[in-house]
Amino acid sequence: MITVDNLTKRYGRHSAVDDVSFTCPPGTVTGFLGPNGAGKSTTLRMICGLTTPTSGTATIGGVPYRRIGNPGRRIGVLLDASAQHGGRTGREVLSLAAFTMGVRRSAVPPALERVGLDTTAARRRVRRYSLGMRQRLGLAHALIGDPSVLVLDEPANGLDPEGIFWMRGLLREFADRGGTVLLSSHLLREVEAVADHLVVIGNGRIVAGGSRDELLATAGTLVRALDPPALLALLDRAGLDAAPATDGGVVVRAPAETIGRAAAEAGLVLLELRPAGPGGLEQLFLELTR
Amino acid sequence: MRLTVVELRKLADTRAGLWLLLLIGLGSVGTAAILLGWAPDEELRFADFFAFGLLPPTVLLPILGILSMTGEWSQRTALTTFALVPARLRVIGAKVAAGVVVSVAATAATLLLSAAANLIGIAIGGDGGWHVEGSLIWQGLLTELLFVGMGMGFGALLLSSPLAIVAYFALPTLWGALSESIRALREVGNWLNIGITTEPLSVPSMSAGQYGRLAVSALVWVALPLLLGAWRMFRKEVS
């Protein structure tokens with residue numbers, strides 16, 4: 001369980017993170033969404049005790065990170081896959097972590113295997129790793145202490161489609177076994193497939209949050225008409241909030257019935273009228289974080 | 001204790017660290033070879049091998065100390081190090097402890113190497129005397145400890161490898177030159193010039209006055225950077 005309460009971080013007059021609160025219950029995957037520079041990484045660093053908040057608190061299982069003895073056995077952290085010494089081999093990186101946490105050495109090879117790094121890769125120096133391989137190593141690093149909580153910053157960065165699919169499965173399984181996962185991303189599509197909860201941050205503030213299904217339900221209705229300009233004019237007259245979707249339709253923040261009735265009264269021919277779903281969520285995401 | 005072992009291992013498990021250690025070893029073997037090859041026979045004594053053999057670790061070991069501190073930031077491993085051990089002062093303490101262990105090991109290795117070199121010296125007709133003042137051994141160890149500590153202090157304070165290495169070598173020299181040329185600084189310079197105050201360490205049985213000067217200069221060049229550096233690493237935001 002991760003609990004974030006009114007977390008704020010100011011640098012001079014600039015608020016990087018402004019009064020952020022949310023919780024991540026066990027057994028769930030929480031997607032922490034926001035564009036670059038929205039304050040995701042700063043929030044995650046504050047949760048992990050690496051950055052001191054200006055105000056507010058973050059706890060894991062009720063305890064602030066810095067007060068947890070041997071935190072690696074409770075929380076697996078991957079904040080930046082590139083932040084590894086380029087001169088160490090992958091296996092050495094894991095061996096150091098295992099020894100620091102008091103995990104037996106024999107846990108290292110299976111941990112590497114679990115993330116798909118073979119013995120050749122394990123013997124190579126991290127400098128020669130691709131970003132995708134570093135992410136895999138970082139994930140192995142986060143998992144080797146057998147934690148019950150995972151905090152991952154942009155873990156899908158640099159992974160190929162197959163790797164992203166694999167990671168989703170791994171995180172889903174971790175949560176289904178009762179684990180708590182908090183992962184950040186700037187790509188909605190990336191987290192939507194695995195997260196049950198979403199927290200959306202923009203300019204340091206939480207702009208939306210809730211279960212994915214809830215958010216999907218509020219994403220609005222997608223409408224497509226034979227005569228698009230006439231549809232826009234009609235929506236404008238009706239005072240309905242409309243935004244053009246990427247595929248040529250219009251996403252309207254109103255139930256399908258309202259739009260349908262308005263169109264029928266105006267004699268407008270509709271080609272499509274359905275819940276906007278993920279596409280609408282993306283629209284919402286863009287709007288909220290602008 | 002566990003952390004000290006981790007930090008010791010981190011000194012040697014990177015390419016840079018391994019090469020540095022290898023270079024120190026080769027350097028010490030080199031000093032013995034130079035003496036064996038070119039020194040007059042009456043100078044082929046255990047004490048001479050030991051004194052000359054200490055030179056490579058004295059010069060190069062501090063760089064290892066610098067990298068131990070700066071590497072966490074230049075390679076950004078501080079992110080994982082401090083996520084696993086949030087008590088940063090424990091990590092810094094472990095690094096300093098690892099520095100002490102390495103200094104002791106280097107001194108012990110130099111003693112062994114000097115013994116081996118002396119045996120070879122005897123075989124080729126050298127003096128082969130085994131006598132060495134006990135104070136020289138422990139003063140040699142103190143030399144290693146002081147310079148490794150100074151390197152770590154500079155590394156922790158500056159948090160950048162090139163900057164710390166340049167400052168480590170240039171600042172004491174600069175201060176030495178300044179205090180030599182400016183009359184008002186000369187007396188202070190004698191107390192604070194770590195180049196001069198460490199010189200008596202290679203002569204048997206240092207006097208109390210010499211220890212006093214050494215202590216004052218070590219306070220400024222070793223203790224102060226270490227304390228300020230630890231404070232900086234403790235406070236610095238990790239990103």
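**Close-up views of a predicted two-chain model**

**View 1. Packing of α3(B) against α6(B).** Helices α3(B) and α6 (residues 88–123) of chain B pack with their axes 8 Å apart and at an angle of about 135°; axes are lines fitted to C-alpha atoms, for helices over the stretch in contact, and angles run from 0 to 180 degrees between N-to-C directions. The two helices, α3(B) and α6(B), are therefore oblique to each other, given that angles under 35 degrees count as roughly parallel, over 145 as roughly antiparallel, 65 to 115 as roughly perpendicular and the rest as oblique. The crossing of α3(B) with α6(B) is right-handed; a crossing is right-handed if the near helix is turned clockwise from the far one by less than a right angle, and left-handed if anticlockwise. From α3(B), Phe46(B), Phe49(B), Phe50(B) and Gly53(B) take part, and α6(B) contributes residues including Leu111(B), Ser114(B) and Asn118(B). Ala, Val, Leu, Ile, Met, Phe, Trp, Tyr, Cys and Pro count as nonpolar, Asp, Glu, Lys and Arg as charged, and the others, Gly among them, as polar.

The model is predicted: local features need pLDDT of at least 70, side-chain atom pairs count only at pLDDT 80 or more, and totals for chains, interfaces and linings use all residues. Residues are numbered from 1 along each chain as its sequence is written, and chains are lettered from A and ligands numbered from 1 in the order in which they are written.

**View 2. Packing of α2(B) against α3(B).** Helices α2 (residues 15–38) and α3 (residues 46–53) of chain B have axes 9 Å apart and pack at an angle of about 135°. That makes α2(B) oblique to α3(B). Ser28(B), Thr31(B), Ala32(B) and Leu35(B) of α2(B) meet Asp48(B), Phe49(B), Phe52(B) and Gly53(B) of α3(B). Four nonpolar, three polar and one charged residue make up the contact of α2(B) with α3(B).

**View 3. Interface of chains A and B.** In this view, 25 residues of chain A are in contact with 21 residues of chain B (C-beta atoms, placed from the backbone, within 7 Å). Helix α2 (residues 90–101) of chain A gives the most to the side of chain A that touches chain B, with six residues. Helices (H or I, at least four residues) and strands (E, at least two) are DSSP runs, numbered from the N terminus. The predictor gives the complex an ipTM of 0.88 and a pTM of 0.88.

Methods:
Two residues are in contact if their C-beta atoms, placed from the backbone, lie within 7 Å.
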